[in-house]
Structure formats: structure tokens, C-alpha cells
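Subject: Structure for you to look through, with notes

Dear colleague,

I am passing on the structure below, and I would be glad if you could read it alongside the notes that come after it.

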Amino acid sequence: MQKQQIKDVVIAGGGTAGWITAALLNKVLGKVVNITLVESDQIGTVGVGEASIPPILHLNAALGIPESEFIKATQATIKLGIEFENWRAPNHSYMHAFGDIGKDFPFCEFYHFWLRAKQQGSKTDFWDFSLNYQAAKQHKFTHLKQIPNTQLTGLNYAYHFDATLYGEFLKSLSTSRGVKRIEGKIAHVHQCEESGFVRALELDDGQSISGDLFIDCTGLNALLIEQTLNTGFEDWSHWLLCDSALAVQTKSANDPVPYTRSIAHDAGWQWQIPLQHRIGNGLVFSSRHMTDEQAKQQLLDNLPGEPITEPRVIRFKTGRRRKQWHKNVVAIGLSSGFLEPLESTSIHLIQTAAIRLIKLFPHNGIDANLVDTFNQQSQTELERIRDFIILHYKLTERTDSAFWRQCKQMSIPDTLQKKIDLFTVTGKIIREDDELFAEVAWQQVMIGQGLEADDFHPLANALNDEQLAELFTNLKTLIDGTVNQLPTHSEFLHRMKQ
Ligand SMILES: Cc1cc2nc3c(=O)[nH]c(=O)nc-3n(C[C@H](O)[C@H](O)[C@H](O)COP(=O)(O)OP(=O)(O)OC[C@H]3O[C@@H](n4cnc5c(N)ncnc54)[C@H](O)[C@@H]3O)c2cc1C
């Protein structure tokens with residue numbers, strides 16, 4: 001690998017990926033590297049990507065963005081979880097709520113106590129013990145780190161926000177802090193003949209932007225990592241059948257709810273992301289099972305309000321770039337691969353890729369070990385999330401369409417099969433390799449989709465029947481009482497905007 005000090009970093013593309021990366025690099029390394037970002041208004045951004053997961057709070061905190069400013073600037077609302085409707089079966093729903101459920105014991109999660117009670121005939125719902133779920137369904141929210149006078153965690157949350165406004169917000173933040181922005185379409189990418197390293201981007205007005213390290217944030221175009229370096233793509237579309245989306249915005253008819261809705265349909269699912277000023281909607285579907293026209297009709301027939309934009313089709317290919325970092329190009333965002341937005345993980349993956357790059361920053365030149373480490377960590381992270389997303393499809397009980405029958409019958413990655421088998425036999429979920437989703441997230445989707453565990457941890461037998469019943473009653477009383485005291489989500493937003 002070439003050893004050359006890295007002084008000039010060039011980011012190609014100014015979507016959410018480009019501007020998050022620019023803002024974070026500038027915040028941490030702004031004194032030691034020059035950062036230039038090239039974007040093209042003519043090409044524009046993908047314009048979707050409006051639901052997030054809780055670690056976005058750390059991103060905003062690291063960038064020094066006050067929450068109230070963020071909420072005002074991006075028309076954001078609170079997200080306490082994702083409701084999955086019709087996924088297990090028509091008219092069935094469950095939520096992947098953020099935060100803890102019940103009260104974990106040392107070495108043994110609450111889930112095992114719940115399962116023991118269930119096996120003894122209890123009909124108590126798992127989500128009765130989720131503060132996030134109860135608050136979400138009653139449209140309540142305030143900042144609450146802990147349930148008062150207990151050791152139990154309070155509300156864990158993320159945001160829904162307007163992707164375009166967020167991009168503009170990060171752009172003005174980054175440029176005011178020293179990131180150089182250049183407007184123009186990249187027409188040619190110049191490489192070193194010997195090494196193949198990218199040396200400069202030539203714009204269609206003839207301008208040339210040279211650099212030492214290039215970050216490909218050109219979205220699904222993958223201009224540097226694929227079109228230039230031909231890095232290769234690992235296709236996962238045999239596990240995740242959807243390859244298209246239709247996005248449309250509607251007027252809000254009611255106060256925004258503090259959760260995302262994911263509603264399964266015959267050949268995929270529909271999202272509803274409530275913002276302050278509108279609702280973001282989209283239909284994710286498999287073009288092998290539904291035509292664009294059918295998808296459009298399905299979407300228009302099931303909108304929560306009057307459309308304010310024309311539905312537009314977005315095609316994607318699910319999978320990962322074989323190397324997220326190749327030569328002196330690091331792909332971040334849609335250029336690095338694609339997983340459908342079922343669990344709102346793409347923006348998070350931008351955040352972790354930018355952090356990983358900062359941690360492994362090759363200031364003294366690009367080292368093969370460093371690149372391998374980056375690529376290995378990125379691959380593992382993505383594969384674990386992929387498994388979690390496939391889980392929703394694989395565990396369906398639906399047999400009412402060819403799409404769902406195929407999902408139910410398809411073979412799945414070994415890593416996922418192992419997790420399902422372990423859970424089924426022992427009730428246990430082991431979180432591996434720093435994977436994003438915690439045990440409680442897997443438990444909710446597994447239970448929600450109807451997977452039954454045969455056994456539970458022996459520690460769940462440490463309580464006798466009366467103690468177990470008392471634990472459940474106390475927890476439920478505590479959670480209901482706490483939710484009753486909370487202000488509404490709308491009151492919270494109103495307060496933040498003052
Ligand atoms: C249907 C759908 C729904 C999604 N929903 C969610 C969600 O709810 N939550 C979530 O976390 N993620 C979601 N995502 C993913 C999310 O949208 C992306 O991760 C995020 O927007 C980042 O996109 P990007 O910046 O990589 O690409 P883009 O937004 O496409 O930006 C690419 C940039 O590169 C520039 N560019 C491209 N080619 C050139 C060129 N030749 N010269 C100059 N500039 C160029 C463009 O102008 C643009 O600035 C969704 C994705 C899709 C497709």
C-alpha cells in the first residue's frame with residue numbers, strides 16, 4: 001500500500017452521509033486535516049431517510065447540537081420504537097420498542113421470568129412491562145432517564161426528522177466550522193496509473209480537486225468505490241426480496257405519534273414517519289412480486305392524509321460493497337451497501353463508519369492492516385443488522401401471497417439460523433461482536449413474530465409463584481403510574497420549540 005501522509009480529505013457527495021461525515025471529521029480532526037466536500041445540486045440527494053435510532057443522540061451531542069435547535073431546524077418528532085403491523089399475520093401487531101423491558105436480574109434478563117410465567121399459564125403481555133411501548137401508544141413523552149425512585153431506566157428515544165432539512169442544517173454547521181464546499185458535478189475521476197489510488201476529481205466545469213483520502217458519499221451511484229475502483233458487491237437479495245421503494249409525503253391530519261409505523265402488505269411493507277409538519281410515507285416492495293403501478297395504487301390507497309408530493313420510485317440492490325475501504329477510497333452511506341430501512345439503521349451506519357474512520361485515521365499513510373480492520377469491523381456490523389432484518393421476514397406466519405410464502409420458506413444465513421435455534425431451545429440470545437441490537441430487541445421481534453422458546457434461564461425459578469406475581473404487579477403499577485404522569489408528545493414538542 002502507498003504510504004503518504006493524509007492532509008487533504010475530499011468527500012464526494014453531500015447527502016446525509018456526506019454531511020454527517022464532514023461534520024464529524026471536522027469536529028475531531030479539523031485542526032489536522034483539510035476537508036473539502038463536493039456536491040451537485042443538479043443530481044440532488046436520495047431525499048429519504050427520516051427515521052433514526054437512539055445513538056443519533058450521541059451524534060448530535062458530539063457535534064454540539066442542542067436538542068431544541070435540532071428539533072426546530074428539522075421539524076423533528078420523537079421516536080420511541082417501531083410498530084410492526086400485519087407482519088406476523090394480518091391484523092396482528094407488535095412493537096420493537098427502544099429501552100429495557102421489565103427488570104433485569106444479574107445474569108438473567110426479565111424475559112426469562114416472563115417466559116416462566118407464560119409457561120405456567122400467565123396471559124400477561126410482554127409489552128405491559130415496556131415503559132417505551134406504553135408511552136408510545138398513549139402518545140406521551142418527556143425526558144426521563146430513570147423511573148423516579150427506582151433503578152429502572154426511563155425512556156429511550158430517537159427522532160423522526162426531515163432529511164433535507166437535516167442535510168441543510170449539517171451543511172451550514174460544517175461550512176461555518178471550516179469545511180470547504182464546492183458545488184459541481186464530478187465528470188472524471190483521476191487515478192494514479194501505478195497504484196490505482198484516486199488522485200483528483202474533475203468537475204464538469206473543468207475544476208480539479210485533488211486529495212490524499214477520498215470518501216465516497218455519492219449514494220447509490222457509488223462513483224468512486226464501484227464505478228472507478230470496481231470493488232465488487234455481495235448481493236443479499238435472495239434473503240431480502242424487496243428491491244424498490246415508492247416515497248410520498250402527506251399532510252398531517254392529527255398530532256404526530258411518537259413511533260414509526262411499518263405496515264406489511266402483499267409484497268413488502270409501508271412506512272409512516274410522522275414529522276411536525278407532514279408525514280413521510282413509502283412503500284417498500286419486491287418488483288418480482290408487484291409492478292410499479294400496483295405498488296403506486298397500494299400506496300395511494302393506504303395513505304394517512306392528502307399527498308403533497310408525487311410518488312417517486314427508488315430502486316436499490318440489497319447487499320454490501322466487498323470492501324468498504326479500498327485503496328484510498330472509503331465508502332460511507334448508500335455507496336457502501338444497502339439494507340432496507342425496516343429498522344432505520346442506515347443513518348446509524350453512516351455515524352459508525354465515520355467514527356470508525358476517525359478512530360483508525362491513517363494520518364501517516366494508508367496501512368493494509370488498518371484497512372483490513374476497518375473492513376472487517378464494517379462487515380461484521382452490517383451482517384448482524386442484516387440478520388436482524390431478515391428475522392422479521394423469515395418468522396412470518398403469512399401464507400396469503402407468493403412473497404410471504406417465499407420469505408417463510410427461504411434459507412437464511414447460518415449466523416441467523418444459529419440464533420433462532422439457540423433461542424428456541426434455551427430462550428437465550430447472545431449479543432455477539434458488539435452487535436447493534438441488544439437482546440431485548442431480538443426478544444421483541446422473536447416474540448412478536450410468534451417464535452416460542454422451550455426453556456428459560458434457571459435463575460427465573462429463584463422466585464416462588466407469589467413473588468413472581470408480586471414482581472409483575474409492582475412493575476406494571478409502576479409503569480402505568482409513570483406513563484400517566486407524562487406530558488403528551490405534542491406538549492413536549494411545543495415546549496422544545498419555544
Ligand atoms: C427508500 C429508502 C428509505 C430510507 N429510509 C431510511 C430511514 O428511515 N432511516 C435511515 O436511517 N435510513 C434510511 N434510508 C437510507 C438513507 O436515506 C441514506 O442512508 C442517507 O440518506 C444517506 O444517503 P447518501 O448520503 O449516502 O446518498 P444521497 O442522499 O443519494 O447523496 C448522494 C450525494 O452524492 C452527490 N453525487 C452523486 N453523484 C455525483 C457526481 N457525479 N458529482 C457530484 N456529486 C454527486 C449527490 O448530489 C448527493 O449530494 C432510506 C433509504 C431508502 C432508499
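This is a predicted model: local features need pLDDT of at least 70, side-chain atom pairs count only at pLDDT 80 or more; totals for chains, interfaces and linings use all residues.

Residues are numbered from 1 along each chain as its sequence is written, and side-chain values use heavy atoms, with hydrogens and water left out. Helices (H or I, at least four residues) and strands (E, at least two) are DSSP runs, numbered from the N terminus.

I begin with helix 9, which covers residues 346–359 and has 14 residues. From its first C-alpha to its last, helix 9 reaches 20 Å, close to the 20 Å expected at 1.5 Å a residue, where the expected span is 1.5 Å times one less than the number of residues. Helix 9 is largely enclosed by the rest of the structure, because 11 of its 14 residues are buried (buried means under 20% relative accessible area, exposed over 50% and partly exposed in between, with a 1.4 Å probe and protein chains only). Among these buried residues are His 348, Gln 351 and Arg 356, as well as Leu 349 and Ile 350. The elements that cover them include helix 1 (16–29), helix 2 (56–62), strand 11 (213–216) and helix 10 (368–394), contact being taken as heavy atoms within 4.5 Å. In the loop between strand 21 (337–338) and helix 9 lies Ser 344, which has a positive phi of about 50 degrees although it is not a glycine, and which counts as buried at 7% relative accessibility.

Two packed helices are described by the angle between their axes and the distance between the axes; here the axes are lines fitted to C-alpha atoms, for helices over the stretch in contact, and angles run from 0 to 180 degrees between N-to-C directions.

Helix 1 and helix 6 pack at an angle of about 30 degrees, with 9 Å between their axes. That makes helix 1 roughly parallel to helix 6 (angles under 35 degrees count as roughly parallel, over 145 as roughly antiparallel, 65 to 115 as roughly perpendicular and the rest as oblique). Where they meet, helix 1 brings residues including Trp 19, Ala 22 and Ala 23, and helix 6 brings residues including Leu 170, Leu 173 and Ser 174. Ser 174 itself is buried, at 1% relative accessibility, and, leaving aside its neighbours within four places in sequence, is in contact with Trp 19, Ala 22, Ala 23 and Val 179.

Helix 10 and helix 12 (residues 414–426) pack at an angle of about 60 degrees, their axes also being 9 Å apart, and they are therefore oblique to each other. Their contact is made by Arg 384, Arg 386, Asp 387, Ile 390 and Leu 391 of helix 10 together with Thr 415, Leu 416 and Ile 420 of helix 12.

His 139, in the loop between helix 5 (131–137) and strand 6 (158–160), has a phi near 55 degrees, a positive value in a residue other than glycine, and is partly exposed, with a relative accessible area of 34%. Leu 300, found in helix 8 (residues 292–301), counts as partly exposed at 34% relative accessibility, and its C-alpha atom is separated by 9.8 Å from that of Gly 282, 18 residues apart along the chain.

With best wishes
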